[in-house]
Amino acid sequence: MLFEAPEGPAKGTLVFAHGAGANMETPFMARVAAGCVARGIAVARFEFAYMAGRRDGGKKRPPPRADKLIVEFSEALNEALARSDLPDGPVLIGGKSMGGRVAAMLSGTDDLSSRVKGVACLGYPFHPPGKPDAWRLAPLEEARLPVLIAQGERDTFGTRAEIEALALPAHCRIVWLSDGNHDLAPRGKAEATWSGNLEKTAEAISGFVEGLGQG
């Protein structure tokens, strides 16, 4: 687990999981974490066992089914909650793509700590690329906490046009990142920049945490 905290008072904590194919130290994970820390949010990044195994020279196996990772996310959450240096304030569970999906699944279970107040899904995998009818909406529909989704407008796992045609649950809020792909990055010809989209994402998480703290 990589734990980063702001130098001054913190407004909350994000327990942050990676996506299916890349570890917790990718530029995406690091830059989102840095943006959150700069805005007063502590971040605890962690890896699921299959990904950590790759660091030890293990085979590059695909991840287990998302529902098989709920227990691991819960264990990582408990590890973060047990830290003596964990700030007061709301705790978010969330992640990149698959990590966010697992967080949403965890939020629908019965044994979640009362300190957890919300879910942050960055690039939610609404459906597999090229399979727009294979929806993965159940984790969002069954979540028992407010859900923030930061989604690229042209994400192949769920574009803006596709998602705006859906009726998402009232507890889900989407922030759209201009011309963003699954990593929230725009094309080179776009006016938006990846740095700007990641900053907007961190700002949205900050506002989300502040709202939860007032609830």
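Six residues stand out along helix H3 in this predicted model: Ile70, Phe73, Ser74, Ala76, Leu77 and Ala80 are buried. Viewed down the axis of H3, the buried residues fall within an arc of 165°, so they line one face of the helix.

**Helix H3**
- H3 covers residues 70-81, and its 12 residues should span 16 Å at 1.5 Å a residue; the end C-alpha atoms are 16 Å apart, in agreement with that figure.
- The cover over its buried residues includes strands E2 (12-17), E3 (41-46), E4 (91-96) and E5 (116-122), along with helix H4.

**The sheet and its helices**
- Seven strands form an open sheet with mixed pairing, in the order E1-E3-E2-E4-E5-E6-E7.
- At the edges sit E1 (2-4) and E7 (172-177), each pairing on one side only.
- From one strand to the next, the twist averages 20°.
- E5 pairs with E6 (residues 147-152) in the parallel sense over 4 bridges, and Val119 has Val147 in E6 as its bridge partner.
- Helix H1 (residues 27-38) packs on the sheet, where it touches E1, E2, E3, E4 and E5, and its direction makes about 160° with that of E3.
- H3 also packs on the sheet, touching E2, E3, E4 and E5, with its direction at about 135° to that of E4.

**Nonpolar cores**
- In the largest nonpolar core, which has 39 residues, Phe48, Phe73 and Ile93 have the most contacts inside it.
- Helix H4 (residues 98-107) supplies the largest share of this core, 6 residues.
- Beyond its sequence neighbours within four places, Ile93 is in contact with residues including Phe73, Leu77, Leu106 and Val119.
- A second, separate core of 26 residues includes Met29, Leu148, Ala204 and Phe208.

How values were computed. Residues are numbered from 1 along each chain as its sequence is written. This is a predicted model: local features need pLDDT of at least 70, side-chain atom pairs count only at pLDDT 80 or more; totals for chains, interfaces and linings use all residues. Side-chain values use heavy atoms; hydrogens and water are left out. A nonpolar core is a set of buried Ala, Val, Leu, Ile, Met, Phe, Trp, Tyr and Cys residues joined through side-chain atoms within 4.5 Å. Buried means under 20% relative accessible area, exposed over 50%, partly exposed in between (1.4 Å probe, protein chains only). Helices (H or I, at least four residues) and strands (E, at least two) are DSSP runs, numbered from the N terminus. Contact means heavy atoms within 4.5 Å. The expected span of a helix is 1.5 Å times one less than its number of residues. The arc is that of the directions from the helix axis to the C-beta atoms. Two strands pair if DSSP finds at least two bridges between them. Axes are lines fitted to C-alpha atoms, for helices over the stretch in contact, and angles run from 0 to 180 degrees between N-to-C directions.
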